[in-house]
Amino acid sequence: MIKENTKVGITVLLLGLGLGIAALFLVIFTELAEEVMENEMRRFDGAIIGYFKAIDHPILDNAMIFITEMGSVWFLTTLSAVTVLVLWVKYKDKWGILFFLVAVGIGGLLTTMLKELYERGRPSINPEIDAVGFSFPSGHSMGSLIFYGFIMYLVMRGNGTTLFKRMSVFLMAILVLLIGMSRVYLGAHFPSDVLAGFIAGAIWLILCLIALEWIQWQSKSSVRPVHAIRNMLGSILKAVRKRVAANK
């Protein structure tokens, strides 16, 4: 019973921590959006855009165009199809497939809704680098964080070596950051758009992973989560009562 309660306690703690981080990010996103709408991010955006203009170079232009395509809708859609195929054929992971599609698919809808809500204009319009429509938050940044973040989760949950997992997560994290940087460098977004995209993407990704972990726990465990939590809290309460009684 003690071992079971310990496992339940750790699981509940991790789930609660995830929800707490998501809530914190939501507050940060709300504050950032207000500052953007009140034009209070002008200095922040201007300083970073000025830096990228100072390092402008044809070779860097080509590199950034290549990197930005790795966060484009067509590229992530293609990789999503491959991911779903692998999860189904190799792992038969129906819950992983479902929540991956929910994360990526609804994440795209949320990006569109947020853009329509805030209606912030872009620094420049360039259809060749997918820079059309509203700017806040950055769709490339939000979409890439959700997609690659979910892949990081799948890698960490898999059976690969520790070195492989660490290197994969590190490289994908760097790629996500570079995609965000490319949007600013190419003039498609303000830096605050990219930051907001990362934050919004993190919120949705965390919520999807929490829901997936909860479902998997419920489906794999012989003890239902709600009952397990209730039993754990009951055991803690009994222990507290005994200690209080012993101290009287």
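## The second largest pocket

Helices α4 (73-91), α5 (94-118) and α6 (139-157) each contribute at least two residues to the lining of the second largest pocket. Helices here are DSSP runs of H or I with at least four residues, numbered from the N terminus. The largest share of this lining comes from α5, with 9 residues.

The volume of the second largest pocket is about 490 Å³. Of its 27 lining residues, Val-73, Gly-108, Thr-111, Gly-139 and His-140 are the closest to the centre. A pocket is an open set of points on a 1 Å grid, with protein on both sides within 12 Å along at least five of seven lines, and lining residues have an atom within 4 Å of a point. The volume is the space filled by probe spheres set on the points.

## Basis of the model

This is a predicted model, in which local features need pLDDT of at least 70, side-chain atom pairs count only at pLDDT 80 or more, and totals for chains, interfaces and linings use all residues. Residues are numbered from 1 along each chain, and side-chain values use heavy atoms, without hydrogens and water.

## Gly-201 in helix α8

Gly-201 belongs to helix α8 (residues 191-220). Its relative accessible area is 0%, so Gly-201 is buried (under 20%, with a 1.4 Å probe and protein chains only). Beyond its neighbours within four places in sequence, Gly-201 is in contact with Met-142, Leu-145 and Ile-146; contact means heavy atoms within 4.5 Å. A separation of 9.7 Å lies between the C-alpha atoms of Gly-201 and Val-104, which are 97 residues apart along the chain.

Note on methods: Buried < 20%, exposed > 50% of the residue type's maximum accessible area, 1.4 Å probe, protein only. 1 Å grid on protein atoms, 1.4 Å probe; cavity = no way out; pocket = protein on both sides within 12 Å on 5 of 7 lines; lining within 4 Å.
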